[in-house]
Every structure is written in structure tokens, then in C-alpha cells.
Amino acid sequence: MGLVSGLFTLPLAPVRGVVWVVERVKDAAEEEYYDPGPVEQALAALEKELLAGRIDEETFERREDELLDRLEEITAHRRGAAGN
């Protein structure tokens, strides 16, 4: 970048910095949202609730379906991200 173009784009430096920070925050949020760990932990906890008799079979199946759907969404996202 030349001296003149550097001087003209200098006022944009704070904007570029903010954009960089926003991108890092977005990346971190996506990584957390698409982490399968909490979903797998929730599935294990749900099974413990069923075995302990604290929830009935119907509640277990409904919640299990929700968690498995979420796990499929995470898997599909990770496959898509790996393909990019």
C-alpha cells in the first residue's frame, strides 16, 4: 500500500478493527452453538432421569427426539463446514 492510499484509508482502520472483532465473536458463537458435547451430555442426563424414574417414557422419547434432531443439525453443519 502506498503512502497516499494509506493516508486515505487510515480513517477506515477502526472500522476494519471492529469488523475483525465481530467476525471473531461470530466464529466463537458458532463454535459453541455447534458443539455436540452439551447435546451428548443432555442425552446421557435424560437417560439417567428415565432410569431413575423421574420422567416417563413419553417425556423421554419426546426430549430424546429433540436432542437427536439437534445432533443431526450439528453433524450436518460440521460436514458442510468441512466441505468449504
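**Exercise 1. Find out how far helix 4 of this predicted model reaches from its first C-alpha to its last, and compare that with the expected span.**

Solution. 
- Step 1: Count the residues. Helix 4 has 27 of them.
- Step 2: Work out the expected span. At 1.5 Å a residue, 39 Å is expected.
- Step 3: Compare. From its first C-alpha to its last, helix 4 reaches 38 Å, which is close to the expected value.

**Exercise 2. Decide how helix 3 and helix 4 are oriented relative to each other.**

Solution. 
- Step 1: Locate the two elements. Helix 3 covers residues 36–51, and helix 4 covers residues 57–83.
- Step 2: Look at their axes. These come within 10 Å and cross at roughly 165 degrees.
- Step 3: Apply the cut-off. An angle over 145 degrees counts as roughly antiparallel, and helix 3 and helix 4 are therefore roughly antiparallel to each other.
- Step 4: The crossing of helix 3 past helix 4 is left-handed.

**Exercise 3. Which residues of helix 4 are buried, and what covers them?**

Solution. 
- Step 1: Name the buried residues. In helix 4 they are Phe 60, Leu 67, Arg 70, Leu 71 and Ile 74.
- Step 2: Look for the cover. It includes helix 2 (13–33) and helix 3.
- Step 3: Check one case, Arg 70, which lies in helix 4. The relative accessible area of Arg 70 is 16%. Buried means under 20%, so Arg 70 qualifies as buried.
- Step 4: See what Arg 70 touches. Not counting residues up to four places away in sequence, Arg 70 touches Tyr 33, Tyr 34 and Val 39.

**Exercise 4. Is Leu 50 buried or partly exposed, and which residues does Leu 50 contact?**

Solution. 
- Step 1: Leu 50 lies in helix 3.
- Step 2: Read its accessibility. With a relative accessible area of 21%, Leu 50 is partly exposed.
- Step 3: List its contacts. Leaving aside neighbours within four places in sequence, Leu 50 is in contact with Ile 55, Asp 56, Glu 57 and Phe 60.
- Step 4: Look farther along the chain. Leu 50 and Ser 5 are 45 residues apart, and their C-alpha atoms are separated by 66 Å.

**Exercise 5. For Ala 42, Ala 44 and Ala 28, give the helix, the accessibility and one C-alpha distance each.**

Solution. 
- Step 1: Take Ala 42, in helix 3. Its relative accessibility is 26%, so Ala 42 counts as partly exposed. Ala 42 and Leu 71 are 29 residues apart in sequence and 11 Å apart in space.
- Step 2: Take Ala 44, found in helix 3. Ala 44 is partly exposed at 38%.
- Step 3: Take Ala 28, which belongs to helix 2. At 45%, Ala 28 counts as partly exposed. Ala 28 and Arg 63 are 35 residues apart in sequence and 27 Å apart in space.

Conventions. Residues are numbered from 1 along each chain as its sequence is written. This is a predicted model: local features need pLDDT of at least 70, side-chain atom pairs count only at pLDDT 80 or more; totals for chains, interfaces and linings use all residues. Side-chain values use heavy atoms; hydrogens and water are left out. Axes are lines fitted to C-alpha atoms, for helices over the stretch in contact, and angles run from 0 to 180 degrees between N-to-C directions. Helices (H or I, at least four residues) and strands (E, at least two) are DSSP runs, numbered from the N terminus. Angles under 35 degrees count as roughly parallel, over 145 as roughly antiparallel, 65 to 115 as roughly perpendicular and the rest as oblique. A crossing is left-handed if the near helix is turned anticlockwise from the far one by less than a right angle, and right-handed if clockwise. The expected span of a helix is 1.5 Å times one less than its number of residues. Buried means under 20% relative accessible area, exposed over 50%, partly exposed in between (1.4 Å probe, protein chains only). Contact means heavy atoms within 4.5 Å.
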